Amino acid sequence: MIDKLDSTLRFHQLALNLRAARQEVLATNIAHADTPNFKARDFDFNTALTQAVERGRQSGSLPMAGTSSGHLPGVAGGGVDAELLYRAPAQSSVDGNTVEMDVERVNFADNAMRYEANLAVLGSKIKTLLTAVQQ
Amino acid sequence: MPVSNSSLGIFDIAGSAMTAQSQRMNVTASNLANADSVAGPDGQPYRARQVVFEMAPAPGQAIGGVKVARVVEDSSPLHMVHDPKNPLANADGYVAQSNVNVVEEMVNMISASRSYQANVEVLNTAKTLMLKTLTVGQ
């Protein structure tokens, strides 16, 4: 039962983790808008989420040892391992910095909105589960 | 490449950027204030200073905050002004003034202020998101 609850929410956990990580990468880009030779980074959210789900389905790289048939298959999760890429700048600057503030700001706002959307969906899912529990 | 897993990282990153930008603003203020200085305490005319930003990632991380690596002095030639009445004038009647370029410093100041604002906005967004996360399921 607990396992089922966990697997219902795991997808959202993965997605939120990745959104938070991407938010951090974009925050770094904005922070380094004036650092010479800094190259703007980002990762492809779709690919990263697909990989994370795949990894979860293969029951994890770090399974817990089960010594009895009654033990639940615990999976170590939470680590974010996304492949960081470099952004191709539309207009590069003289000091070798590839941060384009408009692009970063748009991506940051977009990512924040999607994070909130994800939270909303997760919240309603939890409410549904709570309703089922209380009946 | 591993990315750290706590949204608290955003606060560190944006905070370090704000510190760095305000340091840049400080240097700009010093340059602008000394634009007309003729001699510092060492007897030498003031030279414009610039901060150099650098990435400061935590060990094993690909991303990280900003740190001011060093403050460099501008080596461009001093501004020579003809003013024979000045006690600091040389034999030809020229006084060496600081090499601050006021226009450049103004641009620097506006750029620093804009970057600071951008980071404040990042911080606010991160804060909103974290507060929303705390109320999930309620």
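Start by selecting A:Ala52, which counts as buried because 22 other C-beta atoms lie within 10 Å. The cut-offs: 20 or more other C-beta atoms within 10 Å of a residue's own make it buried, 12 or fewer make it exposed, and in between it is partly exposed, with C-beta atoms placed from the backbone. Before going on, note that this is a predicted model, where local features need pLDDT of at least 70, side-chain atom pairs count only at pLDDT 80 or more, and totals for chains, interfaces and linings use all residues. Residues are numbered from 1 along each chain as its sequence is written, while chains are lettered from A and ligands numbered from 1 in the order in which they are written.

Now colour helix α2 of chain A, residues 45-57, and you'll find A:Ala52 in it. (Helices are DSSP runs of H or I with at least four residues, strands are runs of E with at least two, and both are numbered from the N terminus.)

Which residues does A:Ala52 touch, leaving aside its neighbours within four places in sequence? Select A:Leu14 and A:Leu18: A:Ala52 is in contact with both, meaning C-beta atoms, placed from the backbone, within 7 Å. A:Leu18 is 34 residues away from A:Ala52 in sequence, yet their C-alpha atoms are 9.0 Å apart.

Zoom out to chain A. Its pattern along the sequence is α-β-α-β-α, and buried residues are 26% of its 135 residues.

The contact involves 33 residues from chain A and 32 from chain B. On the chain B side, α2(B) gives the most, with 10 residues.

Definitions and conventions
Two residues are in contact if their C-beta atoms, placed from the backbone, lie within 7 Å.
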